[in-house]
Amino acid sequence: MPPHEVIERALEAADGPALIAFLTAGYPAADSFLDVLSQVEDAADAVEIGVPFTDPMADGVTIQRSSHAAIENGVSLRWILDRLAGRSTAPGSPPLLLMSYLNPLLTFGYDRLAARAREAGVSGFIVPDLPLEESAPFRACLEPEGLALVQLVTPATSAERLTELCGQSQGFVYAVTRTGITGGEVDLPTELTAYLRTVAEKSHVPVCAGFGVRSREQVQRIARHADGVVVGSALVEVLERGDSPGEFLTGLRP
Amino acid sequence: MSTNTATSSRAAGHARLLSDLVAGRLPDARGRFGPFGGCYVPETLMPAVHRLTEGVYRLLPDEAFQQRLNEELQDWVGRPTSLTRAAGLSARWGAEVWLKREDLTHTGAHKINNAIGQGLLARSIGAERIVAETGAGQHGVAAAAACARLGLPCVVYMGEVDVERQAPNVDRMHRLGATVVPVTSGDRTLRSAVNEAIRDWVTDPVGTHYLLGSAVGPHPYPYLVRELQSVIGREAKAQLTARAGMPDAVFACVGGGSNAIGLFHEFIGDEDVALVGVEAGGRGGALGENSATLSGGRPGVLHGAHSMLLYDDDGQIQETHSVSAGLDYPGVGPEHSLLQMIGRVDYVTASDEEALDAVAECCAAEGILPALESAHAIAGARRWAAENPGARILIGLSGRGDKDMPILRRFPVTSTGVEETAHAAS
Ligand SMILES: Cc1ncc(COP(=O)(O)O)c(C=O)c1O
């Protein structure tokens with residue numbers, strides 16, 4: 001099965017709403033990365049590993065902070081792929097995606113990236129500063145390995161564009177809950193219901209909603225209209241405090 | 001392919017790109033200047049970018065819009081600006097030196113040409129609020145003034161480091177009614193201010209217009225800013241040819257590249273005219289010691305565009321240094337990347353020290369206090385003049401130096417020149 005389908009199957013097979021967990025690689029410490037990752041894997045249905053970048057323009061303060069600290073800790077895309085490639089994973093462990101801004105990917109080199117990522121057990125990519133219109137070269141690089149490029153949609157996306165983005169997305173469709181950056185405690189908008197329903201109608205892969213998700217009550221509300229949720233900044237804050245990521249994630253499940 | 005065929009087909013490709021540029025075919029429909037440019041923004045911004053693009057291509061050719069813009073440029077900005085024959089510099093350098101005086105515009109730098117143009121455009125496409133970034137504070141002041149004039153609320157993001165080194169401009173922005181938000185994240189200079197302005201824009205893409213201050217960023221900004229700034233070169237060419245003739249060489253400083261593209265654009269097709277962009281050489285050639293993107297960078301993606309960029313082997317953007325806040329930026333506009341690639345413009349550097357010397361020389365010889373940014377262009381021209389005696393040289397004096405007093409105070413004037421004080425070594 002190509003990796004993008006592995007993501008799709010894993011999210012569909014989740015017991016209740018699928019839980020996608022985001023963590024910044026090597027945060028709070030580089031040497032605990034694989035340990036934190038395996039705790040998160042035990043409690044999530046898929047994991048997004050954040051590749052730190054100096055200029056995360058779509059991220060709020062929490063992920064900016066973790067991103068800068070991770071760079072200070074010596075974390076890079078190369079470092080992440082080396083760590084992942086060097087570990088052994090149990091069969092059936094949740095699929096991994098890399099969330100990265102474009103420049104670290106370009107610098108690594110498209111010619112080597114897909115094969116190296118697949119060897120490291122990565123199934124797909126999320127690239128917040130790569131809109132569909134600019135994505136052809138990157139998709140061409142992922143395709144031979146069957147890796148997913150997840151598309152994001154937002155409440156401001158036009159109907160026509162939504163159809164196009166849903167049609168092109170692989171792994172899942174990332175439905176951003178509101179116009180804004182990651183993090184915050186903003187209430188989920190009330191129009192969310194209609195928006196998520198429209199996305200679900202147009203998508204042939206699971207739809208997972210994220211940005212600002214931090215409580216079980218929110219997960220319950222979203223789960224009525226989407227296949228799953230993405231939890232990012234709230235989990236990074238848990239790691240920051242030194243609390244158990246596994247307990248936090250388990251506590252989010254309805 | 002043999003090396004010879006490869007070289008000649010590359011040359012043919014470059015010649016084609018130059019003729020496309022001269023014929024007005026660039027940027028293309030995808031916002032590309034050859035391999036550079038494009039629109040690399042988060043999905044949340046796509047509707048705003050589409051609305052802006054539609055507005056730009058509808059309004060810039062519109063006669064009523066142009067008339068309204070020209071009224072503001074004459075009445076309020078103070079255009080056309082003078083072209084000054086620099087007799088003192090000419091005598092010192094053994095050249096014929098002319099200065100295009102953007103320092104004489106309202107608010108004191110070329111930034112106002114763009115700010116008032118984008119302000120008018122923003123209002124026409126229904127924006128209710130403006131956000132802007134600023135480095136030297138000149139663009140922040142220009143945006144604040146334009147917004148006050150047009151009745152739009154304005155928020156300016158400015159790195160904490162720049163808030164300190166360009167303090168006079170922070171007070172001016174406040175007076176003009178803008179909210180100034182000091183940016184404490186990242187490197188706390190221009191690049192972090194751009195990140196914060198984009199984050200603000202992402203939060204309200206429909207109500208807010210991002211008034212970007214240089215020829216950088218996602219399409220359509222590099223095109224829009226060039227069109228609004230090319231009044232500099234149009235005026236300068238008409239003024240200079242009426243009084244003397246075509247220049248042999250044209251110099252401008254390059255941060256993001258807006259005053260440079262504004263001055264160069266009109267001369268791109270005049271292949272006998274040498275065009276030279278001067279970047280900030282800072283304290284030296286090592287990564288992190290300068291802001292010389294075109295001289296020391298490679299292609300990459302930051303702030304919405306594929307262009308030359310300073311970054312390390314992991315793709316992390318490099319911290320930069322320049323004594324001038326307005327040049328202290330790791331990226332550059334995509335059109336400059338193309339102009340460098342095809343060899344139409346030469347990009348050189350001037351160090352902090354050369355720029356400070358140029359400030360002193362321009363004060364002494366012309367009675368003009370130039371901005372530290374503009375002083376880089378003067379320094380580059382001076383070096384070139386030494387190798388090209390008697391040449392006619394046009395220099396873009398992009399702004400005035402009043403804002404730089406907090407920095408210049410660290411370099412007191414002596415009878416022989418400028419001397420760095422002990423505590424300025426930090
Ligand atoms: C006077 C002056 N010149 C030049 C610049 C550099 O910008 P650009 O390269 O876009 O002209 C600035 C930027 O703040 C400036 O204030």
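This is a short tour of a predicted model, stop by stop, with something to select at each one.

**Stop 1: where the two chains meet**

Start by colouring chain A and chain B separately, then show the residues at their boundary. The size of an interface is often given as the accessible area lost when the parts come together. Here the area buried between chain B and chain A is about 2,700 Å², and carbon and sulfur atoms give 53% of that. Now pick out B:Glu43, B:Arg199 and B:Gln316: in chain B these lose the most area to chain A, together 25% of what that side buries.

**Stop 2: polar links across the boundary**

The interface of chain B and chain A holds 17 residue pairs in polar contact, both partners being at pLDDT 80 or more.

**Stop 3: charged pairs**

Side chains of opposite charge can pair when their charged atoms come close. There are 42 salt bridges in the structure over all chains, and five salt bridges cross the interface of chain B and chain A. Two are worth a visit.

- Select B:Arg32 and A:Glu134, a salt bridge whose closest N and O atoms are 2.6 Å apart.
- Next, select B:Arg191 and A:Asp55, whose side chains meet in a salt bridge at 2.8 Å, N to O. This pair crosses between chains: B:Arg191 sits in helix α9 of chain B, while A:Asp55 is in the loop between β2 (46-50) and α3 (61-72) of chain A.

**Stop 4: the ligand**

Centre the view on the ligand and show its neighbours. It is surrounded by 19 residues, the closest being B:Ser214, B:Gly255, B:Gly257, B:Ser258 and B:Ser398.

- From an N or O atom in the side chain of B:Ser214 to an oxygen atom of the ligand is 2.5 Å.
- From a backbone N or O atom of B:Gly255 to an oxygen atom of the ligand is 2.8 Å.
- From a polar side-chain atom of B:His110 to an oxygen atom of the ligand is 3.0 Å.

**Stop 5: a helix pair in chain A**

Two packed helices are described by the angle between their axes and the distance between the axes. Select residues 77-85 of chain A, helix α4, and residues 110-119, helix α6; their axes come within 9 Å and cross at roughly 35°. The contact is made by A:Leu77, A:Leu81, A:Asp82 and A:Ala85 from α4(A), facing A:Leu113, A:Arg116 and A:Ala117 from α6(A). By class, that contact has five nonpolar, no polar and two charged residues.

**Stop 6: backbone details**

Finish with the backbone. In chain B, a cis peptide bond joins B:Leu26 and B:Pro27, with omega about 5°; B:Pro27 is in the loop between α1 (3-22) and β1 (32-33). Move on to B:Arg79 and B:Pro80, where the peptide bond is also cis and omega is near -5°. B:Pro80 lies in the loop between α3 (63-77) and β3 (83-85) of chain B.

Where does A:Phe211 sit? Look in the loop between β8 (207-210) and α10 (216-223) of chain A. Phi of A:Phe211 is near 100°, a positive value in a residue other than glycine.

Note on methods
Residues are numbered from 1 along each chain as its sequence is written. Chains are lettered from A and ligands numbered from 1 in the order in which they are written. This is a predicted model: local features need pLDDT of at least 70, side-chain atom pairs count only at pLDDT 80 or more; totals for chains, interfaces and linings use all residues. Side-chain values use heavy atoms; hydrogens and water are left out. Buried area is the accessible area (1.4 Å probe) that two parts lose on being put together, summed over both. A salt bridge is a side-chain nitrogen of Lys or Arg within 4 Å of a carboxyl oxygen of Asp or Glu. A polar contact is a pair of N or O atoms within 3.5 Å; within protein, one must be able to donate a hydrogen and the other to accept it, and residues adjacent in sequence count only if both atoms are side-chain atoms. Axes are lines fitted to C-alpha atoms, for helices over the stretch in contact, and angles run from 0 to 180 degrees between N-to-C directions. Helices (H or I, at least four residues) and strands (E, at least two) are DSSP runs, numbered from the N terminus. Contact means heavy atoms within 4.5 Å. Ala, Val, Leu, Ile, Met, Phe, Trp, Tyr, Cys and Pro count as nonpolar, Asp, Glu, Lys and Arg as charged, and the others, Gly among them, as polar. A residue is near a molecule or strand if one of its heavy atoms lies within 4 Å of it.
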